[in-house]
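Open your viewer and get ready to click. This tour goes stop by stop: select, look, move on.

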Amino acid sequence: MSEKKLTIEKIVSLCKRRGFVYPSSEIYGGFAAVYDYGPIGIELKNNLAKAWWKHTVQMRLDVVGLDSGIFMHPTTWKASGHVDGFDDPQIDCKDCKNRMRADHMLEEFDIEADKMTADEINAQVEELKKKGTELKCTNCGSKNLTGAKNFSLMVKSNLGSPVDELSEDNVVYLRPETCGGIYLNYKNVVDSMRVKLPFGIAQIGKAFRNEIVARQFIFRTREFEQMEMQYFLHPSMMQEKYDDWKQVRWDWYLEYGISKENLRWYKHVKLAHYAAEAFDIEYNYTALGGFKEMEGIHQRGDWDLSQHAKFSGKKLDYLDPKTNKRFVPHILETSVGLNRMFLACLHEAYTEEELENGEIRTVLKFDNRLAPIKIAFFPLLKNKPELVAKARELYQKFNSQYNCEFDDNGNIGKRYRRQDEIGTPFCVTVDFESLENQDVTVRDRDTMKQERIKIGDLDAYLVEKL
Ligand code: ATP
């Protein structure tokens, strides 16, 4: 058996063919940088979100959940600094009109430009020119480029306004990150729940960014989903809790089948002015060229609550019951894109194996807990009602506990191939012997081994493995 190279074309094609991810608005010619999750994809996405929620909220005494609105008071984003400063530097090609991220262009020359302003980038470009190097369009290679200018990532809308035109008076923003809703509910949670510092608030939800370049399938889109946890604490506890959370998040990936070799830490060198330390967990997206950010784990100081207290005029502090002193809690956050996690899972699971007959088998070897479909039930033949009835009966029984499929289309080989490509751990086939002996064939996705299991023992056999 040999491993084959994974390309983004292979991922995109499998995702479309098997109902994981479709391009948005396809019948209208498509809509850039947005993707739709199909019947199989939504199961994987839900399972990932469920697994994150379980470990981040349900299994912990010190974290509670939240689901806040996507629209918030527009001042939220003034206070957070997003309205004035959530920009990416953009360079355009004057010849082919290609739009490029100026910071990414400088990174090609080993210049860390992540937090640079457009002016700082233009200065760097001049320096490069003096050394005889000029930036080139990533599309057509032309050197006829604009200077860098700031491009706001904020997506604007209007809400409940009779005026069609967007103006300063009626603009609302689609949130660029979910944590804004957490900060605004800090006081509600403290007042309504029995939480004591240190504690966290977590939420999963959509976020929107007007990304300049969004060409890497679901890695960078204009509408995406974040899973964020904001942990409120006294600053004296920051380093200890920060180290704990870094470990918790790293271990979570290993627990769900991401291999250690494909993960690495990236330490931010240039920090936001309020941050003392910031790390990302990067995943080795080989189909996109290598390691890229999947999750950020950042110290945020007391910036967020202080800013919202200043702009709202409301007190957002904490009365320490032990010392009877008030202070503004500091925050550490863990922030991961669900879609990037989804793409990492596809990378990790995607396997091509050469079978003895020379055919290539494509199989997604997901952790069983993440698999979209857990068991597929097949009657050996479609036109034998007694086999169909038995397979249906088993499907109905198991479907109340696990997400299952019933399939009687085409030959068994084709049915196995489809289940392999969506990562179903077990296929159960009812054949003529089943009716006589009360047993079925169970086929294992990874080893392709088939075992005869008594129907009465099937539950125990599968429970242990799922
Ligand atoms: P990048 O540098 O890749 O643009 P970022 O540093 O701006 O990401 P954060 O603001 O830290 O990202 O957001 C937290 C997480 O949200 C990221 O680690 C990523 O997983 C996810 N994310 C951010 N932007 C996008 C996007 N446009 N599409 C998909 N996921 C995203």
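**Stop 1: the ligand**

Select the ligand and R209. An N or O atom in the side chain of R209 is 2.9 Å from an oxygen atom of the ligand. That is a polar contact (a pair of N or O atoms within 3.5 Å; within protein, one must be able to donate a hydrogen and the other to accept it, and residues adjacent in sequence count only if both atoms are side-chain atoms). The protein covers 86% of the 600 Å² of accessible area that the ligand has on its own. Such areas come from the Shrake-Rupley method with a 1.4 Å probe; for residues, only the protein chains shown count as cover.

Before you go on, note that this is a predicted model: local features need pLDDT of at least 70, side-chain atom pairs count only at pLDDT 80 or more, and totals for chains, interfaces and linings use all residues. Residues are numbered from 1 along each chain as its sequence is written, and side-chain values use heavy atoms, with hydrogens and water left out.

**Stop 2: the shell**

How many residues surround the ligand? There are 14, and the closest are E211, R220, T221, E293 and M294. Color strands β10 (223-233), β13 (290-301) and β16 (330-337): each supplies at least two shell residues. Strands are DSSP runs of E, at least two residues; helices are runs of H or I, at least four; both are numbered from the N terminus.

**Stop 3: salt bridges**

The whole structure holds 34 salt bridges. Each is a side-chain nitrogen of Lys or Arg within 4 Å of a carboxyl oxygen of Asp or Glu.

Select R101 and D103. Their side chains form a salt bridge, 2.9 Å from N to O. Are they buried or exposed? Both are buried. Buried means under 20% relative accessible area, exposed over 50%, partly exposed in between (1.4 Å probe, protein chains only).

Next, pick E120 and K270. Their salt bridge spans 3.9 Å, N to O. E120 lies in helix α6 (residues 118-130) and K270 in the loop between β11 (263-267) and β12 (278-285), so the pair ties together parts 150 residues apart in sequence.

Notes. Near = heavy atom within 4 Å.
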